[in-house]
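Please consult the sequence and the structure shown here while reading.

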Amino acid sequence: MTSSQAANALAYGNEQGNIALMDYLVKRINQEQHLNLSAENLMITAGSTNALDMIARLYTQAGDAVIVEAPSYVDSLHVLRDHGVKLYAVPMDDEGMLPDELEALLKDLASKQIKPRLLYTIPNFHNPTGITASEARRTAIVKLARQYDLMIVEDDVYRDLAFEANIPPSYFALAGGENVIQIGSVSKTIAPGLRVGWIVACAEIVQRCVDCGTTQMGGGASPLSAQIVVEFCRQGDWDTHLEHIRNLYQTRRDTMLAALDLYMPPDVTWTQPAGGFFVWLTLPENKYAAVVKRQASERGVLVASGEGFFVNPADGQHHLRLTYSFASLDDIETAVRVLAEVVSA
Ligand SMILES: Cc1ncc(COP(=O)(O)O)c(C=O)c1O
């Protein structure tokens, strides 16, 4: 980093973000997603959390309807709720959100003169289920969003953590960039403490975010971290690091799935994530996730009980989210064995 870059990184940042990082990301995203973005289509944010908060602040008002997946990421629901919106949930299966259910909801809302403002979705290696939405689902959802003039917010923070075949085209790509905001972040692949993320959207939306009060008052997001990230990326270290962590997480995923196969009773089912951090467990009707969670934690095993991931918490009472990203292979194997004992007891 030159001394003038260092001095700039300590000043209020350019409102749209660190220009070198924007330039790097635009090129990278164009290549990865076969897009034709230019600088006006991207803005740096303080992580994806800041992006979602800003979008909700600028594109909804208290009382507005916002559609989410059932389940969805607990903290995203929290951020949306902070804006006083009313959340409506659409169920998922192993291919993602169910378009028929979405259509039924949109029709029902339209019949009540309710126009939902946003559809928030996590398309790749979903938190908490680990599911990746299929291309057919994405296409059907883009079609419905167009028909009902619904803005899609695509939270794609796990995109770079694919273990296997290529992931389907993004919502942004499928919609030709129309009425879709894609959110990205370095939190899952470099470090969450950097607080560096971004949005990709049409120029008008990016400009609206650049012109908003908080950006104008505080300047562009995380200038010092953004400079650190761009130095890291320019040296090619991100790709080397990605290769390393994909292999690491894939081995951990494999260990968890093998242990589940080995130890879990036959009436428990789980998802098969093709990337990311999570496996989603479904317990039989007579087993309650909150009880399993408490008993597992008494034996040193931490899992997330499903309730918080649902707009209607009761829908999550037989589900658990397991995370394999952090633990060692031995710990994963032991934890799954203990969890299976708790579930079987
Ligand atoms: C789906 C999803 N979105 C956003 C975030 C938060 O990301 P960031 O650190 O970029 O704010 C997380 C973190 O767990 C997540 O799982």
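The model is predicted: local features require a pLDDT of at least 70 and side-chain atom pairs count only at pLDDT 80 or more, whereas totals for chains, interfaces and linings use all residues. Residues are numbered from 1 along each chain as its sequence is written.

**Overall fold**

The protein has 13 helices and twelve strands; helices (H or I, at least four residues) and strands (E, at least two) are DSSP runs, numbered from the N terminus. Its radius of gyration is 21 Å, close to the 20 Å that the globule rule gives for 345 residues, so the protein is as compact as a globular protein of that length. This radius is taken over C-alpha atoms, and the globule rule is 2.2 Å times the number of residues to the power 0.38. Along the principal axes, the C-alpha atoms fill a box of roughly 60 × 55 × 35 Å.

Buried residues make up 45% of the 345 residues. A residue is buried if 20 or more other C-beta atoms, placed from the backbone, lie within 10 Å of its own, exposed if 12 or fewer, and partly exposed in between. Of the contacts with a separation of 6 or more, 73% involve residues 24 or more positions apart; a contact requires C-beta atoms, placed from the backbone, within 7 Å.

The table gives the spans of both helices; the expected span is 1.5 Å times one less than the number of residues.

| Helix | Residues | Length | Span, first to last C-alpha | Expected span |
|---|---|---|---|---|
| α2 | 19-33 | 15 residues | 21 Å | 21 Å |
| α6 | 135-147 | 13 residues | 18 Å | 18 Å |

In α2, the buried residues are Leu21, Met22, Leu25, Val26 and Ile29. Seen down the helix axis, they fall within an arc of 135°, so they line one face of α2; the arc is that of the directions from the axis to the C-beta atoms. They pack against β1 (42-45), β8 (197-200) and α10 (223-234). The face turned away from the buried side carries the exposed residues Lys27 and Gln31. Just after α2, His34 takes a positive phi of about 55°.

In α6, Arg137, Arg138, Ile141, Val142 and Ala145 are buried. These residues fall within an arc of 130° and so line one face of α6. Their cover includes β4 (96-97), α5 (99-111), β5 (118-121), β6 (151-155) and α7 (171-174). Exposed Ala136 and Gln147 are carried on the face turned away from the buried side.

**Ligand shell**

Of the 13 residues around the ligand, Gly47, Ser48, Thr49, Ser185 and Ser187 come nearest; a residue is near if its C-beta atom, placed from the backbone, lies within 6 Å. Helix α3 (residues 47-59) gives the most to this shell, with three residues.

**Backbone details**

Two cis peptide bonds may be located. The bond from Ala70 to Pro71 is cis, with omega near 5°, and Pro71 lies in the loop between β2 (65-70) and α4. The bond from Asn127 to Pro128 is also cis, with omega near 20°; Pro128 is in the loop between β5 and α6.

Asp149, in the loop between α6 and β6, has a positive phi of about 50° although it is not a glycine. Asp149 counts as exposed, with 9 C-beta neighbours inside 10 Å. Asn179 has a positive phi near 60° and lies in the loop between α7 and β7 (180-185). With 19 C-beta neighbours inside 10 Å, Asn179 counts as partly exposed.

Definitions and conventions
Contact = placed C-beta atoms within 7 Å.
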